[in-house]
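Here are some notes for a colleague opening this structure for the first time. Please read them with the model on screen.

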Amino acid sequence: ETLVFIFYGGKLSNDQIQSIRLQEEELTEFAFKPIEDCLKLLGPSMSKRLPTCLNAIEQNTTVLLQLD
């Protein structure tokens, strides 16, 4: 079993994006991708959750998802 939390941290400014520094021992790159590309990169379970999470952000609300 897995317990997953997804938090929305807001939008980053250009200055914040420019100041991102990766921990080289763990990460080699980061990217901002369109939602359609993200869905292809995620596993099946998370791909099912993401659209509902994005809708919750638009509606300024929270959701509890229980997916099999």
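1. Confidence by element. Helix α1 (residues 14-18) has the highest mean pLDDT among the elements of the protein chain, at 96. Helix α3 (residues 44-58) has the lowest, at 91. Here pLDDT is the predictor's confidence in each residue, from 0 to 100. Helices (H or I, at least four residues) and strands (E, at least two) are DSSP runs, numbered from the N terminus.

2. Ground rules. This is a predicted model, where local features need pLDDT of at least 70 and side-chain atom pairs count only at pLDDT 80 or more, while totals for chains, interfaces and linings use all residues. Residues are numbered from 1 along each chain as its sequence is written, and side-chain values use heavy atoms, with hydrogens and water left out.

3. Confidence overall. The protein chain has a mean pLDDT of 90. Of its residues, 96% reach 70 or more. Where pLDDT is low, the predicted coordinates should not be read in detail.

4. Fold elements. The protein chain has three helices and zero strands. Their order from the N terminus is α-α-α.

5. Dimensions. The radius of gyration of the protein chain, taken over C-alpha atoms, is 14 Å. A compact globule of 68 residues would have one near 11 Å, by the rule of 2.2 Å times the number of residues to the power 0.38. Along the principal axes, the C-alpha atoms fill a box of roughly 35 × 25 × 20 Å.

6. Burial. How many of the 68 residues count as buried? The share is 7%. Buried means under 20% relative accessible area, exposed over 50%, and partly exposed in between (1.4 Å probe, protein chains only).

7. Cysteines. The whole structure holds zero disulfides, a disulfide being a pair of cysteine sulfur atoms within 2.5 Å. C38 is in no disulfide, and its nearest cysteine sulfur, that of C53, is 12 Å away. C53 is likewise in no disulfide. C53 counts as buried, at 14% relative accessibility.

8. A backbone point to check. Most residues other than glycine have a negative phi. N60 is not a glycine, yet its phi is positive, about 55°. N60 sits in the segment after α3. Is N60 buried or exposed? N60 is exposed, with a relative accessible area of 74%.
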